[in-house]
Structures are given as C-alpha cells and as structure tokens.
Amino acid sequence: MKSSRWTEWTWGKAVPWVLPVALLVAWQTAVETGWLSSRVLPAPTAVMAAAWHLGSSGELWQHLSISFGRAVAGFAIGGSIGFLLGLVNGVFRPAERLLDTSIQMIRNIPHLAMIPLVILWFGIGEEAKVFLVALGVLFPIYVNTWHGIRNVDAGLLEMGRVYGLGPWALFWRIWLPGALPAILVGVRYALGIMWLTLIVAETIAADRGIGYLAMNAREFMQTDVVVFSILLYALFGKLADSIARFLESRLLRWNVNYQHRP
Amino acid sequence: MGAGQGAELVFVQVAKRFGAQSVLSGIDLTVKRGEFIAIIGRSGCGKSTLLRLAAGLEEPTSGIIQLDGEPLQGINTKARVMFQDARLLPWRRVIDNVGLGLKGNWREQAAKALEQVGLAERANEWPSVLSGGQRQRVALARALISQPQVLLLDEPLGALDALTRIDMQRLIERLWQEQHFTALLVTHDVDEAVMLADRVVLIENGTCAFDWPVRLPRPRQRGDAAFADLVEAILRRILGPESERGAIAASSFGEKRRAL
C-alpha cells in the first residue's frame with residue numbers, strides 16, 4: 001500500500017475477478033470434500049487435466065480447427081448474403097418491395113427448427129453445419145445493414161451529389177461509412193448466433209468438432225471433457241466479441257460514441 | 001483562377017410547385033457574373049427552393065434557368081452549395097472533407113484552402129471536435145477549393161452565434177473579392193444581406209417582389225447611417241405597409257421581453 005492511487009487501481013482491476021475466483025475455490029473444495037460428486041461436476045483441476053490431455057494428444061486441435069472452419073465458412077457465406085441483400089434493399093426501394101416480405105417470412109422461422117430438414121438434405125456432413133450457421137447469421141446482418149443504409153443522413157447524400165460524387169463514390173464515401181455502425185452491431189449479434197448454431201448443430205449431429213467432443217465424452221461419462229468443451233465455447237464466444245469490439249473501435253474512431261472506450 | 005471567373009445565372013419565369021402547393025410562381029432574376037445577391041423573405045416564401053433550383057437539386061415545374069446562356073440540366077456542376085448545417089462527413093478528417101470529390105494530388109490544395117479559412121492546424125481532426133463556426137469554415141473551404149463559378153449559400157450562418165457570424169461574413173466577403181465567383185445568399189437576416197450583397201432581392205408570394213441595389217462602399221459598417229436606413233427600409237417593406245417604425249421597435253421589444 002504505497003499510495004492510495006495504486007491500491008485504487010489494483011482494486012479496480014481485481015473487483016471483476018473476485019467472484020469467479022471465489023466460485024472456483026468453492027467448487028474445488030466442494031469436490032475435494034466429496035460434497036459434490038465428480039460425476040455431477042468434476043473439479044476445476046480435473047477439467048484442466050482433461051484439457052492438457054486432449055491438447056497434448058493433438059485431438060483437441062483437430063476438433064477445434066474443424067469447428068472454427070465451420071464457423072468461419074458459415075459466417076462468411078451468410079454474412080455476405082445478408083450484407084448484399086441489406087444493401088440492395090436499403091438503396092433500391094423496388095428491390096425492397098420485391099424481396100423484403102419473403103425475407104421477413106423466412107427470418108421468423110427459427111433456423112434451428114430447420115435441423116431435421118437440413119439433416120435430410122445434407123446428412124450430417126459439413127454442408128449441414130455451414131448451412132445452418134449461414135442461415136443464422138444472415139438475418140441479423142441483413143436487418144442491421146438495411147437499417148444502417150436507411151438511416152444514412154439524406155443531407156449528406158444530397159451534399160455528395162452537389163459536390164459531384166458519382167454513384168460509386170457516393171457508396172464508398174457516404175452510404176457505407178454511414179451504415180457501418182449499424183452493420184457492426186449486426187456483426188456482433190451474428191457472431192453470437194454463429195456459436196449458438198454451431199453448438200446445437202454439432203451436438204445433435206456431427207462426427208467431429210467441439211460439439212462432437214462433448215457428446216462423445218458424455219457417452220463415456222467423461223464429465224471433465226464435457227465441462228471443458230463448454231468452456232471452449234465460452235472462450236470462443238468471448239474471442240469473437242472482442243474481435244467485434246476491436247473492429248468497432250478501429251472503424252468507428254470518428255464517432256464520439258466509440259471514442260475513449262476503455 | 002483570376003478575375004471574371006463567375007458565371008451568369010438567369011431565371012426566366014421559373015415556377016415550382018410541390019403537388020398542389022405552388023412555392024414559386026414566375027421568378028425572373030438575372031445574377032450577373034461575379035455579382036453577390038442576397039435573397040430575403042419571410043420563412044416559407046420559397047427562397048431556399050430558389051437556391052435548390054439553382055443547384056440543380058430540384059427541377060423547375062416551368063420556366064428555365066440559364067447558366068452562362070446554357071439551360072441548366074441536372075446537378076449544377078459549376079456551382080457549390082453551403083448548407084445551413086455544414087454537412088461534413090463525420091467519418092472523414094477535416095482535410096479529407098475539404099478534398100471530397102477531387103481527384104489527383106489535391107492535398108496541398110486542400111491545405112491551402114484550410115489556411116484561407118484559418119483552420120490549417122485542424123486539418124487532421126475529426127469534424128465532431130470542431131465548433132459550429134469552425135465546421136462552417138471547413139464547409140466554405142470545401143466549397144471553394146474547386147474554384148466554383150457560382151457559390152450558393154443557404155442560410156449558412158443561421159445557426160451561428162452573433163460574433164462568429166460577423167467573422168464568417170467578413171471571411172465570405174474577402175474570399176468573394178479574391179475569387180470573383182457569383183454568389184447567391186439566402187438569408188432571413190436583413191443586416192447580413194445588406195452587409196454582403198450588391199443587390200438584395202425580396203421574394204414574396206412566389207415572385208421577386210422588390211430589388212434593392214446596395215451602393216455602400218465595402219467593407220461596410222453596421223453603425224453607418226446609410227446602412228441603418230437601408231436595413232430599416234427593407235424591414236419596413238417586408239413587414240408590410242401598416243407597420244411604422246414604432247411598430248417594428250415594439251415588435252422587436254416584445255420579442256426580447258418574451259425571450260427574457
């Protein structure tokens with residue numbers, strides 16, 4: 001306790017972690033004293049051991065890269081389609097009249113309800129997961145892109161026309177940057193849906209991937225592996241969110257709402 | 001660059017209606033090369049519409065607008081507009097806003113234009129950190145960098161405080177004298193109109209109702225008796241024949257009291 005400022009700083013940094021650490025300690029103690037059966041919940045140390053084991057055998061990386069690949073492919077496909085549809089419908093009213101009703105109808109079907117049909121179509125191969133993820137991320141990106149484009153300041157567009165910008169320049173200088181804050185909200189939301197979809201799809205029908213790892217472990221009562229798989233999803237989710245935040249703070253530097261963010 | 005760069009702008013029987021509502025009905029107005037004209041009128045008289053017609057943002061319902069003898073079609077590429085709000089792109093830095101739409105090596109030019117409006121050192125800031133007056137100065141630099149033949153000003157100083165406004169008026173006058181563009185200023189501020197314009201045109205009932213030449217030497221002084229007389233005469237004409245001097249004073253006094 002050299003200065004009060006230093007203690008304030010450490011206190012500020014430490015506070016968010018007090019509860020998780022306390023929980024971990026309680027959890028470990030509960031398992032060790034036998035109060036909590038390791039069948040129900042293995043000790044944190046056991047989970048770590050499982051992680052180490054999976055990591056060193058190389059099995060983990062195989063499942064990880066498979067899941068990661070599915071997530072990225074699905075996001076890229078669904079995200080691009082959603083973005084393009086949002087763009088076209090946002091800029092051109094006739095396109096919106098033609099397409100929006102259909103899109104809204106499909107949007108309101110929970111995409112996970114499609115799983116039986118998707119399995120019938122694609123079996124349990126890669127296409128099924130990628131398709132589901134793409135379907136899941138398409139709509140948040142579509143809706144937010146459309147919304148962002150619609151809310152671009154008409155005064156700025158008018159100014160751009162008076163200042164001699166052609167359609168292409170109008171798009172790059174005004175439409176797109178104007179819609180970007182909303183688009184990034186969509187991206188962030190879509191990243192969450194991406195993981196959710198992947199977890200469900202992999203858990204129900206898969207022969208590789210993190211979800212498969214968890215389901216397989218369940219059959220052999222390996223609770224530690226199951227818990228570790230769940231933690232992996234949490235980690236990935238957090239990572240995706242951090243990337244989205246980073247993109248926001250990079251791309252929206254001009255926006256006062258995104259400046260000085262801790 | 002150089003003298004005599006402004007374009008001539010002629011309105012011939014220009015009318016504009018939006019649906020059933022007639023905003024302008026038969027405007028005849030000639031703006032000579034390099035002339036500075038102020039358009040005044042009560043709010044809703046169609047003065048901004050006139051400016052938008054000159055910019056090519058609206059098309060006249062009937063009549064023609066000629067630019068150096070050629071009928072205007074589509075966006076007026078010889079003109080630049082300053083809007084009431086600066087309309088800077090918030091996601092581009094100040095200097096990139098000034099160089100908007102320019103091709104080639106414009107950075108040096110943009111820096112020079114910013115220097116002209118006294119904002120050289122703010123070139124790399126985001127527009128959001130500038131004050132209202134500074135934003136309008138950036139907008140002015142952006143308007144003038146391409147050496148337009150016509151500058152259309154749509155109440156650009158309306159939202160500024162009194163002191164900033166006087167600064168901006170001086171700046172606009174100076175740059176107009178240097179660059180010789182044709183200027184069309186829409187304003188509701190009679191003081192400002194008399195301060196800047198060669199001619200003050202009143203729009204009433206959709207037509208050019210009155211036209212005052214301003215023969216005062218520049219730079220003009222607000223305290224000047226001739227200046228005050230002209231402002232007074234214009235105000236009296238706008239407010240209608242029944243309003244005498246006392247009525248004007250009373251109304252402005254009343255407004256002040258309400259503000260208090």
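**Exercise 1. State which domains the assignment gives for chain B, and describe the contact of domain 1 with domain 2.**

Solution. Begin with the bounds, which come from an automatic or database domain assignment: in chain B, domain 1 is made of 9-78 + 148-219, and domain 2 covers 92-147. Next, take the centres over C-alpha atoms, which places domain 1 of chain B and domain 2 of chain B 24 Å apart. Then turn to the contact, where two residues count if their C-beta atoms, placed from the backbone, lie within 7 Å; domain 1 of chain B supplies 11 residues and domain 2 of chain B supplies 10 residues. On the side of domain 1 of chain B that touches domain 2 of chain B, helix α5 (residues 162-179) of chain B gives the most, with 6 residues. Helices (H or I, at least four residues) and strands (E, at least two) are DSSP runs, numbered from the N terminus.

The structure is a predicted model, in which local features need pLDDT of at least 70 and side-chain atom pairs count only at pLDDT 80 or more, while totals for chains, interfaces and linings use all residues. Residues are numbered from 1 along each chain as its sequence is written, and chains are lettered from A and ligands numbered from 1 in the order in which they are written.

**Exercise 2. Find how many residues of chain B are in contact with chain A, and sort them by class.**

Solution. In the contact of the two chains, 16 residues of chain B meet 16 residues of chain A. The side of chain B that touches chain A then divides into 10 nonpolar, 3 polar and 3 charged residues.

**Exercise 3. Decide how α3(A) and α6(A) are oriented to each other.**

Solution. First read the geometry: helix α3 (residues 59-91) of chain A packs against helix α6 (residues 126-150) of chain A at an angle of about 30 degrees, and their axes are 6 Å apart. Axes are lines fitted to C-alpha atoms, for helices over the stretch in contact, and angles run from 0 to 180 degrees between N-to-C directions. Because angles under 35 degrees count as roughly parallel, over 145 as roughly antiparallel, 65 to 115 as roughly perpendicular and the rest as oblique, α3(A) is roughly parallel to α6(A). The crossing of α3(A) and α6(A) is right-handed; a crossing is left-handed if the near helix is turned anticlockwise from the far one by less than a right angle, and right-handed if clockwise. The contact of α3(A) with α6(A) has 20 nonpolar, 9 polar and 4 charged residues.

**Exercise 4. Work out the orientation of α2(A) and α10(A), and the classes in their contact.**

Solution. The angle at which helix α2 (residues 44-57) of chain A packs with helix α10 (residues 223-251) of chain A is about 80 degrees, with the axes 8 Å apart, so α2(A) is roughly perpendicular to α10(A). In this contact, α2(A) takes part through Ala46(A), Val47(A), Ala50(A) and Ala51(A), and α10(A) through Asp224(A), Val225(A), Val227(A) and Phe228(A). Sorted by class, the contact of α2(A) with α10(A) has 7 nonpolar, no polar and 1 charged residues.

**Exercise 5. Locate Pro219(B) and His180(B), and describe the backbone at each.**

Solution. Pro219(B) is in the loop between β10 (207-213) and α7 (225-239) of chain B, and the peptide bond that leads from Arg218(B) to Pro219(B) is cis, with omega near -10 degrees. His180(B) is in the loop between α5 and β8 (182-186) of chain B, and although His180(B) is not a glycine, its phi is positive, at about 60 degrees.

How values were computed
Nonpolar A, V, L, I, M, F, W, Y, C, P; charged D, E, K, R; others polar.
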